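This report describes selected features of one protein model. The sequence and structure are shown first, and the description follows.

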Amino acid sequence: MGHSGGLRAGTRYAFSRDFKKRGSIALGTYLKEYRVGDIVDVRCNGAVQKGLPYKYYHGKTGVVYNVTKSAVGVIIYKRVGNRYLEKRLNVRVEHVVHSRSREEFINRVKENAIKKRQAKEQGVHLHLKRQAVQPRDAHVVESAENFPETITPIPYDTHI
């Protein structure tokens with residue numbers, strides 16, 4: 001028996017709409033403003049077949065390089081063998097969402113600027129580099145008042 005490997009093969013769940021997100025598309029999708037250089041996530045919307053990117057690009061992050069009336073051009077780097085190829089997609093705005101990947105970085109930069117300003121006013125030297133999670137501090141567990149407990153399951157009872 002043959003196996004169909006069509007354009008949308010294997011996308012039964014990837015392109016389906018989320019729970020309580022079915023029906024007409026929210027107006028906010030069309031009101032979002034995209035500019036060249038924005039970082040966006042390609043998130044395919046199965047309700048709109050026009051301008052739908054190929055299934056490989058679903059969930060990938062890229063940079064906007066072109067903006068038209070109802071679509072955006074996105075550059076995505078695709079790994080092919082041992083190299084990365086620059087792919088340029090023209091995707092309708094229904095299939096694109098602003099990426100939140102740089103949100104944490106931008107917030108950290110703003111907070112660091114405030115900390116630097118405060119440290120300069122106080123005349124204190126400040127280290128703002130992130131530190132890896134350090135091992136927990138050593139401690140001693142006392143057994144004088146802390147007796148070990150034996151935990152056993154309750155035996156199975158058939159009475160109702």
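In this predicted model, Thr61 lies in strand β2, which covers residues 61–67. Beyond its neighbours within four places in sequence, Thr61 contacts Ile39, Val40, Asp41, Ile76 and Ser99. With Asp41, the side chain of Thr61 also forms a polar contact. The table lists two distances that involve Thr61.

| Pair | Distance |
|---|---|
| Thr61 and Asp41, side-chain polar contact | 2.7 Å |
| Thr61 and His98, C-alpha to C-alpha | 9.4 Å |

In sequence, Thr61 and His98 are separated by 37 residues.

Which residues make up the largest nonpolar core? This core has 12 residues: Tyr34, Val40, Val42, Tyr57, Val64, Val72, Val74, Ile76, Leu89, Val91, Val93 and Val96. At least two core residues come from each of β1 (39–42), β3 (71–80) and β4 (83–92). Strand β3 provides the largest share, 3 residues. In soluble globular proteins, nonpolar side chains tend to be buried together.

Val72, a member of this core, is in contact with Tyr34, Val64, Asn66, Val67, Leu89, Asn90, Val91, Val93 and Val96, leaving aside neighbours within four places in sequence.

Helix α2 comprises 20 residues, 103–122. After α2 comes Gly123, with a positive phi near 75 degrees.

Technical notes:
Residues numbered from 1 in each chain as written. Predicted model: local features only at pLDDT ≥ 70, side-chain atom pairs only at ≥ 80, totals over all residues. Heavy atoms only, no water. Helix = DSSP H or I, 4+ residues; strand = E, 2+ residues; numbered from the N terminus. Expected span 1.5 Å × (residues − 1). Core = buried A, V, L, I, M, F, W, Y, C linked by side-chain atoms within 4.5 Å. Buried < 20%, exposed > 50% of the residue type's maximum accessible area, 1.4 Å probe, protein only. Contact = heavy atoms within 4.5 Å. Polar contact = N/O pair within 3.5 Å; in protein donor to acceptor, adjacent residues only side chain to side chain.
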